[in-house]
Amino acid sequence: MKNIPWHTKLVLALLVFLPVYFVIAALGTKIGLWSWQMGLITLTAGGGVIVLGVTAVAALISLIIGFVKKPRRKFVIGAGVLGLLIPGAMFGSLASTGGTAAANPIHDVATDTADPPNFSAETMTARIESESNPLSDYQLPLRDIEMYAGSPPELAIKSHAQIINDTYAELSPLPLGGASKSDAVAAVAAAMGNMGMSDIRPDAEAGRVEGVAETFWFGFQDDVVARIGDAEIDFRSVSRVGQSDLGANAARITELRERVAEQIGQR
């Protein structure tokens, strides 16, 4: 390390710091050191861009020095190139996340947009206690929902029902076929458990199964419910925080539906 130029040491230190910074931002949110807004918006989206920019600028300066100063050393030049490529890739990932958020503007998704499954009083109490987003009226245009104020005009005129039908057209209820309601309740509860959900509460009498899904890094929680009717099962997944869910709720419903279908012999 003694023969490594100071500017290369700086680049290497910043490259080590990058993943540590983003992990701290995420895990600090998960364990409650700060709010999700601080962890995701301020530290990750805001501060993360700054840290990536500082690393890239330091790497560019180091790379220029490495080319200008003789003799040219492959290690110095390689470190400079790496210091540009890694922040570039991470910045691209952040930019891609922004695009994904725009393509998935809501966080409340169900297979029945006319009459989405309801959550139990217990779940609603948990959502209130955790200061979660209020559940959305699927028929209201987004312009009439406070948290979507400022949405682009072409989006503001659409309701949740329209967005779900347009964006997640593949989502549909699962026919029961020959399965009984009690078998379906058990199948949904088992599928939720296999997906790693917690607080799974099957209620055969009400024809409802609920569970809580949690993201690994930030610990964001989503409430999931399945309504078992006489002929089919409807699913709903709703994030507790945030405006966009990056498509996570629709993906979760798709996986849950497939797992339950396999258990009851339906498609």
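# Briefing: helices, salt bridges and backbone features

R201 counts as buried, at 19% relative accessibility. That label applies because buried means under 20% relative accessible area. The model described here is predicted. The points below cover the salt bridges, the packing of helices, a nonpolar surface patch and some features of the backbone.

**Salt bridges**

- How many salt bridges are there? The count comes to 14 salt bridges. In general, side chains of opposite charge can pair when their charged atoms come close.
- R201, the buried residue named above, forms a salt bridge with D199. The closest N and O atoms of R201 and D199 are 3.4 Å apart.
- D230 is exposed, its relative accessible area being 71%, because exposed means over 50%.
- The side chains of D166 and K158 also meet in a salt bridge, at 3.7 Å from N to O. D166 is exposed, with a relative accessible area of 52%, whereas K158 counts as partly exposed at 29% relative accessibility.

**Packing of helices α1 and α3**

- Helix α1 covers residues 6–30 and helix α3 covers residues 74–103. Their axes come within 9 Å and cross at roughly 25 degrees. That makes α1 roughly parallel to α3, because angles under 35 degrees count as roughly parallel.
- Is the crossing of α1 and α3 left-handed or right-handed? The crossing of these two helices is left-handed.

**Packing of helices α7 and α8**

- The axes of α7 and α8 are 9 Å apart, and the two helices pack at an angle of about 130 degrees. The helices α7 and α8 are therefore oblique to each other. The crossing of α7 and α8 is right-handed.
- L256 is placed in helix α8 (residues 248–264). L256 is buried, with a relative accessible area of 1%.
- How far apart are L256 and V188 in sequence and in space? L256 and V188 are 68 residues apart in sequence, and their C-alpha atoms are 7.7 Å apart in space.

**Helix α2 and the nonpolar surface patch**

- Which residues make the nonpolar surface patch? The patch is made by L60, I64, F67, V68 and L84, and its area is about 440 Å².
- Helix α2 (residues 36–68) contributes the largest share of this patch, four residues.
- I64, one of the patch residues, has its place in helix α2. The relative accessible area of I64 is 47%, which means that I64 is partly exposed.
- A56 also lies in helix α2. A56 is partly exposed, with a relative accessible area of 22%. A56 and L12 are 44 residues apart in sequence, and from C-alpha to C-alpha they are 11 Å apart in space.

**Backbone features**

- Where is the cis peptide bond with an omega of about -5 degrees? That bond joins K70 and P71. P71 is found in the loop between α2 and α3.
- E131 has a positive phi of about 55 degrees, although E131 is not a glycine. This residue is found in the loop between α4 (121–129) and α5 (153–156). At 71% relative accessibility, E131 counts as exposed.
- D199, which takes part in a salt bridge with R201, has a positive phi as well, near 50 degrees, in a residue other than glycine. The place of D199 is in strand β3 (residues 198–203).

Methods:
Residues numbered from 1 in each chain as written. Predicted model: local features only at pLDDT ≥ 70, side-chain atom pairs only at ≥ 80, totals over all residues. Heavy atoms only, no water. Patch = residues over 30% accessible without salt bridge, like charges linked within 9 Å, V, L, I, M, F, W, Y side chains within 5 Å. Areas by Shrake-Rupley, 256 points an atom, 1.4 Å probe, with all protein chains shown as cover. Salt bridge = Lys/Arg side-chain N within 4 Å of Asp/Glu carboxyl O. Buried < 20%, exposed > 50% of the residue type's maximum accessible area, 1.4 Å probe, protein only. Axes fitted to C-alpha atoms, helices over the stretch in contact; angles between N-to-C directions. Parallel < 35°, antiparallel > 145°, perpendicular 65-115°, else oblique. Left-handed = near helix turned anticlockwise from the far one by under 90°.
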